[in-house]
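Subject: Structure handover

Hello,

Here is the structure I promised to pass on. Please open it alongside the notes that follow.

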Amino acid sequence: MAKNQIISVHFQGLEIGKIGYDENQRKSSFQYNPAFLERDLYKRIFPYIIRRSPNVQVFSEFEGESFRGLPPMIADSLPDYFGNIVFKEWLEATQKDFINIPPLQQLTYIGQRGMGALEFAPAKDIRSNSSIDVEEIAEVVKKVLDIKTSIREKGLSDLALLNIFKIGTSAGGARPKILVSEHKKTGLLVAGDLETSIDYHHYLIKLSVEENKGYSKEKVEFIYYQIAKTLGIEMMDSKIIDDKHFATLRFDRQHGEKQHILTASGMTGWDFKKPENSSYENLFRLSVDLRLPHKDIEQLFRRMVFNLVFANSDDHLKNFSFIYTTEKDRWNLAPAYDLTYPLDALKNYTRVSRAMSVNGKRNGITRKDILTIADQFTVKNPAPIIDDIVSATSLFRQFSEEQDIPSKVIDKIESEFIRI
């Protein structure tokens, strides 16, 4: 690609605009397609940062690892840590240099395969196999994650890496995961980019590949999911596969259609790695500004309290998303995800600071701090919500024993719970 690259952004079969990136000036640009604006559709598809204007809009403030110079709502479609590892390994196996692959070209590899509903053109032609064996994929992932060895020493074929790349690079986050679709009648698993139809269950699967860890982080996440559901926290249905992999239905694939999703970071341009914008107050303000219904505000409050009580300190801005309804041209809070104990329970940590602050604090947060937030954003009856979540800590041991989590792991995680 040329130094000054331009690709198209599509939504619901329409070209909504073009995104450009000038490597020399390290600036990105966006311009709406005038024909799209004339149709007067999806007015709130990008509620912030990108103005609804036919003029070219230039952005220079988003350089860095989180957005890679792109407008944040576009950068939301780029893979995160694990996806980038696989992408890098695959490019090296095909004699291409990951370092020299600019972000827009990476989007062309994502093409129509990304999370959410945005699509990018021209898309690279990446052919997919018809079916998937999750265990086989997990074995290849183990080798991919062993980045101390070279491609040749790993003995990974271009085909094996391609299979992982196709179904693993679009999902966000640091842990190994793949996107697959399961036929509702036959149970056949196919790559997540092949199907959006209502005939399939569409899953994000977090792979358990660290057999020497001493316990399964994926099972711990399933336990957190079970507890959260008992507390009325909205989550997509999830399950354990082969007694070790965590599979959750995707909220960006529902009713046989792609759903437009933006994380809080992608919607606003708040860098999730920087503390200055990483506060629950900002999340609540954003929700109010988006005119979310009160039930979503209460949901957000429940998630905040759950994360505090159950020691989920990795509750950063990319772990909260919003889902767009095309018919009503409005946003709602997306179902919760990544609710888990994020640290290695078999290691000791001297001090861990929360990703998100509450009432200006990341440590030593009290019930008074939580009630201050509730009062500020008119959450009704907050005290019973807090009490219910604290009481639910008693479920952790029961559910953990059902999943054969070692006692020392249960003890360690329980010791981190905050009974506010």
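A salt bridge here is a side-chain nitrogen of Lys or Arg within 4 Å of a carboxyl oxygen of Asp or Glu. This is a predicted model, where local features need pLDDT of at least 70, side-chain atom pairs count only at pLDDT 80 or more, and totals for chains, interfaces and linings use all residues. Residues are numbered from 1 along each chain as its sequence is written, and side-chain values use heavy atoms, with hydrogens and water left out.

The whole structure holds 20 salt bridges.

R26 pairs with E63, with the closest N and O atoms 2.9 Å apart. R26 sits in the loop between β2 (14–22) and β3 (27–32), and E63 in the loop between β4 (57–59) and α2 (72–75), 37 residues apart. (Helices, H or I, have at least four residues and strands, E, at least two; both are DSSP runs numbered from the N terminus.) R26 is partly exposed at 48% relative accessibility; so is E63, at 29%. (Buried means under 20% relative accessible area, exposed over 50%, partly exposed in between, with a 1.4 Å probe and protein chains only.)

K258 bridges to E119, closest N and O atoms 2.6 Å apart. K258 is in strand β12 (residues 257–258) and E119 in strand β5 (residues 119–121), 139 residues apart. K258 is buried, at 18%.

K239 and E182 form a salt bridge, at 3.7 Å between the closest N and O atoms. K239 lies in β9 (residues 238–241) and E182 in β6 (residues 177–183), so the pair ties together parts 57 residues apart in sequence. K239 is partly exposed at 30%, while E182 is buried at 18%.

Finally, salt bridges with shared partners join K206, E221 and D338 into one network.

Best wishes
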